[in-house]
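Hello,

Here is the structure I promised to pass on to you. Please have it open while you read the notes below.

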Amino acid sequence: MFTIIMTHTHGKARIAFFLAPAIMLGEVLCDLQQPTQMAQIIDHGLAQGDGHYVLMHASLMLGFALLGLMCGATCGTLGSYASLKMGEALRSEMLTIALTSRDPAGLAPATLITRITNDVTQMQNLVMMVTRGLVRSPLLLIGGIVMSTIVCPDLAPILFVIMPLLVVYLLVIVRRSLPLYTAMQQAVDRVNRSMRENLQGAKTIKSYVLEDHQLTSFNADNTHLQMTSQKAALATVTLAPVIQLLLNLGVVIALGYGGSLAIAKTISSGQIIAFVNYMIQITTAMIQTVNIITAFSRAITSAARVQAVLAENPPAVSATGMPPVDAAIDFHQVSFGYDAAEPILANINLHIDAGTTCGIVGPTGSGKSSLINLLTRSFDQYTGTITIGGVDIQQLSLPMVHQQLSVALQDSVLFSGTIASNLRFGDPQASAAQLSAAAHTAVADEFIEPLPKRFDAPVAQRGKNFSGGQRQRLNLARAFVPDHAIVILDDATSAVDQTTNAQIKSRLAQARHGQTTIIISQRVTNVIACDQIIVLDAGKITAQGTHEELLTRSPFYQQLVATQLGGGRYAAE
Ligand SMILES: Nc1ncnc2c1ncn2[C@@H]1O[C@H](COP(=O)(O)OP(=O)(O)OP(=O)(O)O)[C@@H](O)[C@H]1O
């Protein structure tokens, strides 16, 4: 946890982090002066009726109080600065990892949200507490014990009995509360996940009239969160009162026993008052220690969850390969599984010549998208070699890989903004002519041109002001805007009608003539004209060749053609 805090606290924030406790030392020293000064006033000033002595020591007390206040305020400001800066750095790094991570298995959005917000906040609270309390509480505690022993050694045994009892109690509570805080954070994850799914799927829920069912399920998660939070709170709720009780008991004994010693003239009344005041300071320090320990328990849990995100496959930093000279693609003996125990692709060998088109067909779940996920380096845990232009993609940095290829996925994710801002994702400098050309290839021009603002027309969140087919065409156009050597279309026209699909196919053939294009499609018509077609089944390449070749070689392909095209031998266009 300390490593996470330190690696995310730089420059002025780091100075503030270390300076704040040092300044806090001033406040503690000032606080520790007060009871002694008070005893002096009672035993010397008041007892001897020395008004000047009383005034002088009262002024000293005021001076210490003001100095303590200044130290406390400065420490609080510095601590808050360090905490805010650490939170900012941590959130930024976590989001970067979330956006670039190539192993999303442990990074479900709901848990990520909780980790980036709630868990980071817990760590920020700890930094605040540590900068203020980590020095103050132990020092005030030890200082209080030492000073009370010096000022009134006769009453010191009271503390030596009470303190060990308190420490044991504290340790028991902390041990009990730690797993409860972990459970609480997991419950927050569940509520977040449920809320996210319900909000995203609101339309589907309404159409199936499942509002009550979903609400019941959400309420169950909500109640679970409330119960686990309550358990965690209950585990620590007795801490402060028990500390207060034991120390009040100590004060009562000090007053009773100390009173009898004062009557016997063994100690003075000023000593008793100083001792009681030190006990009050010790109580305050103990309660503050409890708060720090509680914050620690929560932050330890949170730090582990934050660390799990920070450890998620950081993007490759060393890239030694030169950019590929051409767009030929090779897979050599590639095997892959999202989970090591479940292979998805097995021994894939394929070669796509630069400047050719390659179609990939296969039943649903056969591994077509997974193949592309490897080429785009979304996942790296495969065996074998994948090269672009003869260069192993592992030797290329992620930006280098992404400068080679554009991908249009079936799921057309659009972002709020304008059509132009969405189309410029892959090339922020793209000219208006590039946008028009890309929109034309994707047959998106026919609905963009009539819009009053054309390419400046607004796009709502997730593109919900466009139809599914329109979204897909904008998604396609976005992939065509950058002048990348390789374009991959992964079932990217599944939502468009047959006529538009045919138009896209013919414009694509023209626009990408002589450039490497990979088309994954459930529709056999989309791949018929490809220079080669790869047939995938259960993660293996079962056949590859041209349409004509596959019609004679691949029973699966024959069946696909028969089902979709009525059984005739369709020639490639
Ligand atoms: N991110 C993932 N984590 C775990 N398993 C996954 C993931 N993505 C896909 N899979 C699994 O990998 C297998 C192949 O999926 P993939 O998406 O590659 O198939 P596909 O041929 O593209 O299917 P479709 O035509 O339906 O899109 C499936 O069994 C799927 O459940």
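In helix α15, the buried residues are Gln 470, Arg 471, Gln 472, Arg 473, Leu 474, Asn 475, Leu 476, Ala 477, Arg 478, Ala 479 and Phe 480. Buried means that 20 or more other C-beta atoms, placed from the backbone, lie within 10 Å of the residue's own. That makes eleven of the 13 residues of α15, so this helix is mostly covered. Among the elements that cover them are β6 (405-408), α13 (432-441) and α16 (498-511).

Before going on: this is a predicted model, where local features need pLDDT of at least 70 and side-chain atom pairs count only at pLDDT 80 or more, while totals for chains, interfaces and linings use all residues. Residues are numbered from 1 along each chain as its sequence is written.

The length of α15 (residues 468-480) agrees with expectation, because 13 residues at 1.5 Å each should span 18 Å and the end C-alpha atoms are 19 Å apart. The expected span is 1.5 Å times one less than the number of residues.

Helices (H or I, at least four residues) and strands (E, at least two) are DSSP runs, numbered from the N terminus. The protein has 18 helices and twelve strands, and 38% of its 573 residues are buried.

Now to some strands, which pair if DSSP finds at least two bridges between them. β4 (residues 382-388) pairs with β1 (residues 329-336) in the antiparallel sense over six bridges, and His 332 has Thr 385 in β4 as its bridge partner. β4 also pairs with β5 (residues 391-392), again antiparallel, over two bridges, with Ile 388 opposite Val 391. β4 and β5 form a hairpin with two residues between them, and Gly 389 in the turn has a positive phi of about 55 degrees.

Best wishes

Terms used. A residue is buried if 20 or more other C-beta atoms lie within 10 Å of its own, exposed if 12 or fewer, and partly exposed in between; C-beta atoms are placed from the backbone. Two residues are in contact if their C-beta atoms, placed from the backbone, lie within 7 Å.
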